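Dear colleague,

Please find below the structure that I am handing over to you. My notes on it follow directly after.

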Amino acid sequence: MTEGKVVTEAENANQKNLQDFDPQKKPKRNKYAFACAMLASMTSILLGYDIGVMSGAAIYIKRDLKVSDVKIEILLGIINLYSLIGSGLAGRTSDWIGRRYTIVFAGAIFFVGALLMGFSPNYWFLMFGRFIAGIGIGYALMIAPVYTAEVSPASSRGFLTSFPEVFINGGILLGYISNFAFSKLSLKVGWRMMLGVGALPSVILGVGVLAMPESPRWLVMRGRLGDAIKVLNKTSDSPEEAQLRLADIKRAAGIPESCTDDVVEVSKRSTGEGVWKELFLYPTPAIRHIVIAALGIHFFQQASGIDAVVLYSPTIFEKAGIKSDTDKLLATVAVGFVKTCFILVATFMLDRIGRRPLLLTSVGGMVLSLLTLGTSLTIIDRSDTKVTWAVGLSIATVLSYVATFSIGAGPITWVYSSEIFPLRLRAQGCAMGVVVNRVTSGVISMTFLSLSKGITIGGAFFLFGGIAICGWIFFYTMLPETRGKTLEDMEGSFGQSKSKIKGNKGVGNGKDNDQAGQVQLGTNVQT
């Protein structure tokens, strides 16, 4: 009888535990975190709009200002190098004034830059406007993923942290639509309107951010525990999860877990002191692995040629045989539409399938698309007559390339790099990843036209395909799964052998079972 009672109680306990995983309740629990992530990620529209609008505006800038292809590719790509200034300053700025006000600052800088570009009388004034806008973009690229990762519960962090990439794609689509909408205006007015309208998202962003709370992790680092727990209670799936997250952050910040004061003195602050030494000069095996993983994923994301396709879509379609400006811009809008649709699909798969399977599948599809695109463009380039099937194949593979990029390599780069760094290194570590991302993008976008002339446009895409193959091998051997783990437990997944990385499914194995159990326990509370 007693045994039956024990069994019944165990079954009830199991049913209660299963209720904690009820998928129907998850959206309600994460509604506030969803809104915070949405507002913070709007900063990414700034970069997306600039990329999209410049692809079409470049056609009319070249005609109006009578500049060479070299000046055009420098104009398009240089903003990535300008953004390094913003990215380099963003880590320290966000630790100083907070994540929220850094987002406001980024929007204000871009607002000024967009107005300057819209009123540019000549090439060099336009270049100065892009310099200002680039600094704002650098700030925005670094701070949006950091803030979103820090307010998100582990159960939906992949979904929420992919928002910046979603808004980048949304911004690209808006830029393409702006190209098409203003292309019918006069030559001198059209491209200036395309660029100047980019100031509008900055105004909306500045107003929206005022409704956001500060990052709970930043509040803890400043000793404001009372404010931090208020934010955690709103952004967590349960009160138990909020307490668990607070305990993890306090431990990382060097605050005793027994401390319950609303305001405490914190001697260990993430203000940049010693961070770079820990990242590069004296890293532990785990930190060294994290740095290599973060820099590698950012490098291969851009080195596989995505910005060349997005920025130079009209040029690629022209090489494929489309001559009309209207048709080229419409085809470019299709690229933006496909890219945006597939990024939305990816956001719902990140926390269900995991980062690693999606990333490997994505890059594999990119390799096939790039090699096929290179083949079709080479056939068109060497043919004296129009090869209709090759033209259709070129357009289809451009669309398949941006689609496969968007389901994995696009969003996962920002999700992964923002969640793997320990709290004490997160702001500077993410800024460092953005630097690699923007430098690589700048090199690709500032050399694509020259590269296409040197080795043909088909050869350029064969090169990108080869780089993507190297990227797939790197991801397979170096990137462990991170799905479902708390940010504070993330460091334990790194510094392992390559065989453990390949076998890591996010629940641990071998001697890591104890740690994996702790991670899983934390996930149970959060779900």
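Arg63 lies in helix α4 (residues 44–65); helices (H or I, at least four residues) and strands (E, at least two) are DSSP runs, numbered from the N terminus. Arg63 is partly exposed, with a relative accessible area of 42%; buried means under 20%, exposed over 50%, and partly exposed in between (1.4 Å probe, protein chains only). Leaving out residues up to four places away in sequence, Arg63 touches Leu187 and Asp325, where contact means heavy atoms within 4.5 Å. The C-alpha atoms of Arg63 and Lys188 are separated by 9.5 Å, although these residues are 125 apart along the chain.

This is a predicted model, in which local features need pLDDT of at least 70 and side-chain atom pairs count only at pLDDT 80 or more, while totals for chains, interfaces and linings use all residues. Residues are numbered from 1 along each chain as its sequence is written, and side-chain values use heavy atoms, with hydrogens and water left out.

The protein has 26 helices and 0 strands. Of its 527 residues, 59% count as buried. Among contacts between residues at least 6 apart in sequence, 82% join residues at least 24 apart.

The largest nonpolar core has 131 residues, and those with the most contacts inside it include Ile61, Phe448 and Phe461. Such a core is a set of buried Ala, Val, Leu, Ile, Met, Phe, Trp, Tyr and Cys residues joined through side-chain atoms within 4.5 Å. Helix α24 (residues 423–478) supplies the largest share of this core, 17 residues. Beyond neighbours within four places in sequence, Phe461 is in contact with residues including Val309, Leu370 and Phe448.

The end C-alpha atoms of α24, a helix of 56 residues, are only 21 Å apart, whereas a straight helix would reach 82 Å at 1.5 Å a residue. That expected span is 1.5 Å times one less than the number of residues.

Finally, I turn to confidence. The average pLDDT, the predictor's confidence in each residue from 0 to 100, is 81 for the protein, and 85% of the residues score at least 70. Mean confidence is highest in helix α21 (residues 355–382), at 93, and lowest in helix α26 (residues 513–526), at 31. Where pLDDT is low, the predicted coordinates should not be read in detail.

Yours sincerely
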